[in-house]
Amino acid sequence: MIKTTIYQNHAGQYTGFTCTGHAGFAVRGDDIVCAAVSVLVINTLNAIEAFTADAYNARTNPDSGLIDIRFQHPAGHDGKLLLDTMVLGLQNIQEQYGTDYSRLTFEEV
């Protein structure tokens with residue numbers, strides 16, 4: 001299962017997120033759930049880097065599927081919009097395929 005946790009401060013601003021695991025929907029190379037989540041997460045990071053001034057620290061581990069992002073300051077307007085879009089996509093995947101393959105949670109930090 002892919003577990004994605006979105007971190008927000010007490011004001012509801014995005015402070016980062018962690019995505020880890022493998023969906024297990026199908027065999028490696030044919031797993032559409034894993035591919036969908038990967039595209040959403042990686043494209044969001046690429047867009048944040050290309051289109052915003054939001055600075056972040058990243059940790060990754062391809063073996064565990066880990067992508068851990070922590071913003072140096074809460075995400076700005078454009079970063080928030082990009083993250084809202086990622087969250088919407090992840091929610092749709094969870095609704096479509098169920099929580100056995102992808103689970104999205106929110107945590108106040």
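Trainee: Where do I start? Which residue stands opposite Tyr7 in strand 2?
Mentor: Tyr7 has Gly16 of strand 2 standing opposite. Keep in mind that this is a predicted model.

Trainee: OK. And how many bridges join strand 1 to strand 2?
Mentor: Six, and the two strands run antiparallel. They form a hairpin with five residues between them. In that turn, Gly12 has a positive phi of about 85°.

Trainee: What holds paired strands together in general?
Mentor: Strands of a sheet pair through backbone hydrogen bonds, either parallel or antiparallel.

Trainee: Zooming out, what order do the strands of the sheet come in?
Mentor: The order is 3-4-2-1-5, in an open sheet of five strands with mixed pairing.

Trainee: Which strands stand at the edges?
Mentor: Strand 3 (56–61) and strand 5 (102–108). Each has a single partner strand, so one side of each is left without a neighbour in the sheet. From one strand to the next, the twist averages 10°.

Trainee: What about Thr60, which residue is its bridge partner in strand 4?
Mentor: Ile67 is the bridge partner of Thr60. Strand 3 and strand 4 pair in the antiparallel sense over six bridges. They make a hairpin too, with four residues between the strands, and Gly65 in the turn has a positive phi of about 75°.

Trainee: How many residues of strand 4 are buried?
Mentor: Five of the six, so strand 4 is largely enclosed by the rest of the structure. Strand 2 has six of its seven residues buried, so strand 2 is largely enclosed as well.

Trainee: Now the helices. What does helix 1 lie across?
Mentor: Helix 1 (residues 32–51) lies across strand 1 (2–8), strand 2, strand 3, strand 4 and strand 5. It runs at about 30° to strand 4.

Trainee: And which strands does helix 2 touch?
Mentor: Helix 2 (residues 77–97) packs on the sheet and touches strand 1, strand 2, strand 4 and strand 5. Its direction makes about 140° with that of strand 5.

Trainee: I clicked on Gly89. Where is it found, and is it buried or exposed?
Mentor: Gly89 is found in helix 2. Its relative accessibility is 15%, and the cut-off for buried is under 20%, so Gly89 counts as buried.

Trainee: How far is the C-alpha atom of Gly89 from that of Leu40?
Mentor: The two C-alpha atoms are separated by 7.1 Å, although the residues are 49 apart along the chain.

Trainee: Changing topic: how much space lies in the largest pocket?
Mentor: About 440 Å³. The lining has 23 residues, and Gly21, His22, Cys34, Ser38 and Gly65 lie nearest the centre.

Trainee: Which elements give two or more residues to that lining?
Mentor: Helix 1 and strand 4. Helix 1 gives the largest share, six residues.

Trainee: How do the lining residues divide into nonpolar, polar and charged?
Mentor: The lining of the largest pocket has 13 nonpolar residues, six polar and four charged.

Definitions and conventions. Residues numbered from 1 in each chain as written. Predicted model: local features only at pLDDT ≥ 70, side-chain atom pairs only at ≥ 80, totals over all residues. Heavy atoms only, no water. Pairing = 2+ DSSP bridges. Axes fitted to C-alpha atoms, helices over the stretch in contact; angles between N-to-C directions. Contact = heavy atoms within 4.5 Å. 1 Å grid on protein atoms, 1.4 Å probe; cavity = no way out; pocket = protein on both sides within 12 Å on 5 of 7 lines; lining within 4 Å. Points joined across faces, edges and corners; volume = space filled by probe spheres on them. Nonpolar A, V, L, I, M, F, W, Y, C, P; charged D, E, K, R; others polar. Buried < 20%, exposed > 50% of the residue type's maximum accessible area, 1.4 Å probe, protein only.
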